[in-house]
Amino acid sequence: MSDSLAFFLIQVLNGVQEGLLLFLVASGLTLIFGIMGVINLAHGSFYMLGAYLVYAFTRLTGDLWTAILVAVPLAIVLGLALEALLFRPLYSRDHLYQVLLTYGLILVLEEIRSLLFGDDVHGVAVPALLDFSVPLKDALTYPAYRLFLSAFCLVVAGAMWWLIRYTRLGMAIRAGSTNREMVQSLGIDIAWVYRAVFALGVALAALAGMIAAPVASVFPGMGNDVLIVSFVVVVIGGIGSIKGAFLGSLLIGLADTFGQIYVPQLSGMTIYVLMAAVLLWRPAGLFGRAGAG
Amino acid sequence: MTNSTRKATRRRVLAGMAAAGAAAVMDFVPTRFAIGQQAKIRLGLMLPYTGTYAALGKNIDDALRLAIHEKGGKLGGRDIEYITLDDESDPAKGSDNANKLVARDKVDFMIGTVHSGVVMAMVKVARDTNTMLVIPNGGVGAATGALCAPNIFRTSFSNWQPAYAMGKVAADAGHKRAVVISWDYAAGKESTDAFTEAFMKGGGKTEKGLFLPFPGVEFQPLLTEIAALKPDVVYAFFAGGGAVKFVKDYAAAGLKTAIPLVGPGFLTDGTLEAQGEAAQGLETTLHYADDLKFAKDKAFRAAFKKATGRDADVYAVQGYDTGTLLISGLGAVKGDVKARDALVSAMEKTVFDSPRGRFTLSNAHNPVQDFYLRKVQGTENRYVRIAVKALADPAIGCKMSA
């Protein structure tokens with residue numbers, strides 16, 4: 001295998017890996033948006049929250065896995081509580097109220113983060129089991145944790161596919177994203193679906209933050225960039241479509257990666273150019289239904 | 001209904017008149033030689049209190065207040081009112097925020113900021129409104145170059161300075177081929193260009209510049225590209241959270257042992273605890289190091305630690321020196337900010353012992369200072385040697401002469 005081909009393939013791996021991680025965040029966002037009709041600007045903050053929780057628990061327990069096991073249930077509880085206390089009263093209101101609420105949540109969560117953890121940058125150690133690198137080329141090794149990250153995201157994506165394809169909840173989610181009123185009139189408890197979807201979305205975003213913490217480090221405002229890119233993914237994939245979010249995430253990951261290498265001058269723009277191109281071609285996104293939402 | 005509306009309106013008008021009257025009276029209070037000198041000096045601190053540069057902003061703020069507090073908490077005999085504003089390191093909001101400080105808060109001095117793009121916005125507002133500006137970090141060249149002005153001072157460095165020093169060090173070490181990498185913004189471009197300038201002068205060549213959008217931290221593709229190019233040396237300009245991640249990723253990609261990584265000191269300043277093992281042995285250039293032998297430095301580090309519980313770093317030093325510069329300038333005019341020419345001239349001539357060494361300003365109002373080569377050992381940037389002595393920014397395009 002020639003050198004340039006090898007490096008090209010490594011870049012593909014980089015792009016896929018970035019995309020898969022993005023998928024965890026974007027899938028929750030697209031579910032909440034598509035099914036509940038809530039524009040959740042605070043989604044990036046849940047990503048940040050996950051990272052900080054894992055940072056705190058890793059320091060207490062000394063082990064990333066334990067930290068994740070403790071933090072995920074916490075994230076689910078937080079999702080349920082937020083849904084019940086803040087979001088439920090706003091379902092019948094205009095989108096603007098939700099935007100205001102979730103924007104406020106960003107500020108509140110940032111402030112809580114600042115009070116609890118300060119404004120310093122923190123690192124989370126890679127677990128000892130995965131703290132080695134796989135040699136690829138003479139001057140390049142690939143961190144094993146990054147490979148694990150991709151595999152883990154694939155497993156989660158598979159689990160979500162199974163959940164949505166084969167479970168009762170999944171059926172309700174699929175139906176809910178198509179026609180909310182019909183689902184309700186058929187006697188499915190939509191309030192229960194909302195609760196589950198919101199908690200799932202929060203947990204996924206937090207989980208992404210948790211497993212990303214060792215490679216992304218933990219710092220104030222880390223959720224904001226993820227939020228914007230996640231919205232791009234949702235728009236590209238089509239609102240409410242998990243399949244779309246998956247494909248959109250991979251596309252964004254690859255576009256971002258190769259944009260940085262081949263057109264470094266425009267690297268900040270590549271994903272937005274991609275979004276514009278997709279929207280010109282399919283105004284509702286790759287898997288969006290025209291006229292829906 | 002109508003009646004109550006009218007009442008409320010009348011009341012509001014009265015209140016408005018009272019406020020306007022008070023404001024009018026305030027305007028006539030003279031600031032110099034007034035009995036008791038009531039009016040406070042208004043310092044507008046526009047710094048990043050959130051985001052990737054939050055820790056930097058906090059150290060600047062704390063050290064500035066420490067310097068003034070140590071000298072009695074007053075400037076030229078007048079009390080101080082601090083007005084703080086989070087600039088979010090967002091250049092798009094820079095002009096609005098700076099204008100708020102000038103027009104709404106009527107500050108006597110703007111102090112800020114870290115991000116070079118936001119500094120540019122502040123420089124424009126300072127020039128348009130002739131407001132005093134002291135820059136405690138952002139090294140954008142134009143601030144003390146093409147856009148220099150009598151009312152604009154900088155207590156930190158220009159992006160050119162540490163980068164030029166590192167270019168010389170890298171060339172002296174015998175490296176021939178370099179790759180430079182940074183965020184795609186003014187500071188990154190200026191820094192990498194200055195490195196290349198000195199590196200070429202020493203017989204080297206920069207083969208490729210890699211840039212990613214600020215404040216992105218997904219470095220993996222760029223690290224792969226570096227491995228493909230196999231240069232002799234990599235020069236990286238990152239700070240804060242980005243610096244932590246870059247240094248760790250560089251080591252995790254296996255590049256640290258293969259290709260030396262160098263940079264301006266921001267790469268390893270205030271970040272070493274988080275960078276851990278990955279940063280050990282890295283060499284950087286800066287106007288400060290953690291184990292300088294100056295008495296002033298020892299005293300400052302102890303005082304900062306006592307006041308904040310944190311260790312001082314270069315950002316704290318710059319904040320501290322900003323405070324000292326204000327004390328000196330306003331002391332000379334006895335707190336009269338309206339005596340602009342005397343104030344500017346006093347600030348220009350200010351010479352003092354900074355924790356970093358002797359502090360003097362160039363004609364363009366940028367520090368002329370020694371640049372130290374430092375090496376990371378544990379959680380400290382240890383002094384190795386002076387890389388370039390009394391290095392002055394070329395101040396290209398500055399028409400001002402003292």
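Before the first pair of helices, a definition: axes here are lines fitted to C-alpha atoms, for helices over the stretch in contact, and angles run from 0 to 180 degrees between N-to-C directions. Helices (H or I, at least four residues) and strands (E, at least two) are DSSP runs, numbered from the N terminus.

This is a predicted model, in which local features need pLDDT of at least 70, side-chain atom pairs count only at pLDDT 80 or more, and totals for chains, interfaces and linings use all residues. Residues are numbered from 1 along each chain as its sequence is written, and chains are lettered from A and ligands numbered from 1 in the order in which they are written.

I start in chain B. Helix α5 (residues 160-172) and helix α6 (residues 186-201) of chain B have axes that come within 7 Å and cross at roughly 35 degrees. The crossing of α5(B) and α6(B) is right-handed. On handedness, a crossing is left-handed if the near helix is turned anticlockwise from the far one by less than a right angle, and right-handed if clockwise.

Which residues meet there? From α5(B) they include B:Trp160, B:Tyr164 and B:Met166, and from α6(B) they include B:Ala194, B:Phe195 and B:Phe199. Contact means that the C-beta atoms of two residues, placed from the backbone, lie within 7 Å. The residues of this contact between α5(B) and α6(B) divide into 10 nonpolar, 3 polar and 3 charged. In that count Ala, Val, Leu, Ile, Met, Phe, Trp, Tyr, Cys and Pro are nonpolar, Asp, Glu, Lys and Arg are charged, and the others, Gly among them, are polar.

Now a helix pair in chain A. The axes of α3(A), residues 64-87, and α8(A), residues 190-216, come within 8 Å and cross at roughly 145 degrees. This crossing of α3(A) and α8(A) is right-handed too. Among the residues making the contact are A:Leu64, A:Ile68 and A:Phe87 of α3(A), with A:Phe198, A:Ala206 and A:Met210 of α8(A). By class, the contact of α3(A) with α8(A) has 18 nonpolar residues, 1 polar and 2 charged.

Next, the core. A nonpolar core is a set of buried Ala, Val, Leu, Ile, Met, Phe, Trp, Tyr and Cys residues joined through C-beta atoms within 7 Å. A residue is buried if 20 or more other C-beta atoms lie within 10 Å of its own, exposed if 12 or fewer, and partly exposed in between, with C-beta atoms placed from the backbone. In soluble globular proteins, nonpolar side chains tend to be buried together.

The largest nonpolar core here has 215 residues, and A:Ala51, A:Val54, A:Ala206, B:Met110 and B:Met122 touch the most other members. Helix α8(A) gives the largest share of this core, 20 residues. At least three residues come from each of domain 1 and domain 2 of chain B.

What does B:Met122 touch, leaving aside its neighbours within four places in sequence? The contacts are B:Met46, B:Gly94, B:Ala98, B:Met110, B:Gly112, B:Thr113 and B:Leu133. Two of those residues, B:Gly112 and B:Thr113, are joined by a cis peptide bond, with omega about -5 degrees. B:Thr113 lies in the loop between β3 (109-111) and α4 of chain B.

On to the domains of chain B. The assignment, automatic or from a database, gives domain 1 (38-157 + 292-368) and domain 2 (160-286). Their C-alpha centres lie 28 Å apart. Domain 1 gives 14 residues to the contact and domain 2 gives 15. On the domain 1 side, α2 (54-70), α4 (116-129) and α11 (314-332) of chain B each give two or more residues. The largest share of that side, 3 residues, comes from α4(B).

Between the chains, the contact takes 30 residues from chain A and 36 residues from chain B. The largest share of the chain A side, 5 residues, comes from α1(A). That side divides into 11 nonpolar, 12 polar and 7 charged residues.

Last, two loop residues of chain B. B:Ser89 has phi near 50 degrees, a positive value in a residue other than glycine, and is found in the loop between β2 (80-86) and α3 (91-104). Is B:Ser89 buried or exposed? B:Ser89 counts as buried because there are 28 C-beta neighbours inside 10 Å. B:Lys334 also has a positive phi, about 55 degrees, and is not a glycine. B:Lys334 has 15 C-beta neighbours inside 10 Å, so this residue counts as partly exposed.
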